[in-house]
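Q: Could we go through this model feature by feature, with the general idea set out before each particular case?

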Amino acid sequence: MVTTAVPARLDRLPWSRWHWMIVIGLGTVWILDGLEVTTVGNIASRLSEEGSGLAITSTQVTGLAAALYVAGACSGALFFGWLTDRYGRKKLFMVTLAVYLAATAMTALSFSAWWFFLFRFLTGFGIGGEYAAINSAIDELIPSKYRGRVDLIINGSYWLGAVGGALLSIVMLNTDYFPKDLGWRLTFALGVVLGLVILLVRRHVPESPRWQFIHGHGEDADRLVGSVEREIEEQRHEKLPPPAGEITIHERKSIGFGLIAKTVFRSYPKRAVLGLSLFIGQAFLYNAITFGFGAILTTFYDVESGQTGYYFAVIAAGNFVGPLVLGKLFDTIGRRIMIAATYIVPGILLFITAWLFDRGSLNATTLTACWCVVLFFASAGASSAYLTVSEVFPMETRAMAIAFFYAVGTAVGGISGPLIFADLTESGVPRDTALAFCIGAGLMCAAGIVAAFLAVNAEQRSLEDIARPLSQTEETVGGTKQ
């Protein structure tokens, strides 16, 4: 049993170069994910063309391959989430990135459809593990004052990768530069190169001190936080204020699945409903619709496959600007109002877009403009789903909670969504595609209503205050029950 002030010491730190290192080291993988998903969506038409070197249809790429990628991500989140809570954040976010790199490299070497499908699954397996490990580390290392906006912006950086993937596909699919059977392979290869650079940067990101003191590494946690405090005091030329309090905990080596499930569903049933609602709503919207955006442009508006990247780059930019502009409001106005608003508003706007699309009132440019506005709000909402499940459950269950809600929510919307949407888009009937828009809009609005009633007011509060650690005792420290 140990008494520690590590959580309070971390939360009272001012923003510093150390925090920027964490943001860069951990947040850059979302750029990779965005690059990965967008690249595949934009090269779908090219892969299905004769001479691509791969016997596969566009529907298989945006449907089956997309579903397998998401299935891999769900599986990887659960598998690596358990390992993250057991062996630490740092070890696992190095391992998961290595898995992603290897699978992406093998995708570039695809010679048949089954090989492409296999390594799309394994690429998702690595990315899913990243979600659990990295979101755990972000919330445990970032001070409570900045946690909401930083979490949203880091998750939103996915769309910087999407911009890069969209623009990269324009160059790589240009047959004036690369043959049909080479350009798309080089696109995956460049993703591997970027991932290797991130791997080198990430070596300097520390283990979570919160994980360390609970798992019997209290001295390491004290040393790490102490070194950061000294560094910040030297930079600012002033002493830091004393921490707000201490907690007393029983050190543990691991937490069993049974205790995790009991904690999440018995102790926090309303929070469990909230997490599932948020993930299902955003997963269906994004995985069902953005995976097939290139197919919509080519099917309904006769946009050439090599030009879809321009349209998607605009949408991706709108997605990134959303969390960037709205993120601070989650820490000031508050979680409940902002989460509900960033689900309900885009849902309503998406209904309007579906109506205009069905009437034939839109062209490629105006549809892109509509989507840009919808996703400006929806991107902040989707990022808030990860923020919510990573901060409203006890620390010992955090990675597994993220993994579970991501896996279940994404499986419902992310596996069934692309399969349904690929068929609806392939029909070439506007009403079928409008129906997919309406399903996504309805689920987003429903999740927003749930958030309006069940969201937790977690803004600027310590993680230990939002959800008491399972290892914390009832002892009194410094005159206050901790």
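Q: How many helices and strands does the protein chain have, and what share of its residues is buried?
A: This is a predicted model, and in it the protein chain has 19 helices and four strands. Buried residues make up 60% of the 482 residues in the chain. Among the contacts between residues at least 6 apart in sequence, 86% join residues at least 24 apart.

Q: How should I read the packing of α14 against α16, and at what angle do their axes cross?
A: Two packed helices are described by the angle between their axes and by the distance between those axes. Here the axes of α14, residues 308-332, and α16, residues 364-391, come within 7 Å and cross at roughly 35°, and the crossing in which α14 passes α16 is right-handed.

Q: Is N155 buried or exposed, and what does it touch?
A: A residue counts as buried under 20% relative accessible area, and N155, at 5%, therefore falls in that class. N155 is placed in helix α6, residues 147-156, and, leaving aside neighbours within four places in sequence, N155 is in contact with W30, N135, S383 and Y386. Of these partners, S383 is also one of the α16 residues that meet α14.

Q: Why can helix α6 be called largely enclosed by the rest of the structure?
A: Nine of the 10 residues of α6 are buried, so the helix is largely enclosed by the rest of the structure. Among those buried residues are R147, R149 and D151, together with V150, L152 and I154.

Q: How do I read the length and the buried residues of α18?
A: An α-helix has 3.6 residues a turn, so residues three or four places apart point the same way. Helix α18, residues 430-454, has 25 residues and reaches 36 Å from its first C-alpha to its last, close to the 36 Å expected at 1.5 Å a residue. Its buried residues include T433, F437, G440, M444, G448 and A451.

Q: Which residues other than glycine have a positive phi, and where do they lie?
A: Two cases can be given. H237, which is not a glycine, has a positive phi of about 55°, and H237 is found in the loop between α10 and β2, where it is exposed with a relative accessible area of 72%. D302 has a phi near 55°, again positive in a residue other than glycine; D302 sits in the loop between α13 and α14 and counts as exposed at 66% relative accessibility.

Q: What does A467 touch beyond its neighbours in sequence?
A: A467 lies in the loop between α19 and β3 and counts as buried at 1% relative accessibility. Not counting residues up to four places away in sequence, A467 touches Y268, R271, V392, F393 and P394. A467 and Y268 are 199 residues apart in sequence, yet their C-alpha atoms are 9.3 Å apart in space.

Methods. Residues numbered from 1 in each chain as written. Predicted model: local features only at pLDDT ≥ 70, side-chain atom pairs only at ≥ 80, totals over all residues. Heavy atoms only, no water. Axes fitted to C-alpha atoms, helices over the stretch in contact; angles between N-to-C directions. Helix = DSSP H or I, 4+ residues; strand = E, 2+ residues; numbered from the N terminus. Left-handed = near helix turned anticlockwise from the far one by under 90°. Contact = heavy atoms within 4.5 Å. Buried < 20%, exposed > 50% of the residue type's maximum accessible area, 1.4 Å probe, protein only. Expected span 1.5 Å × (residues − 1).
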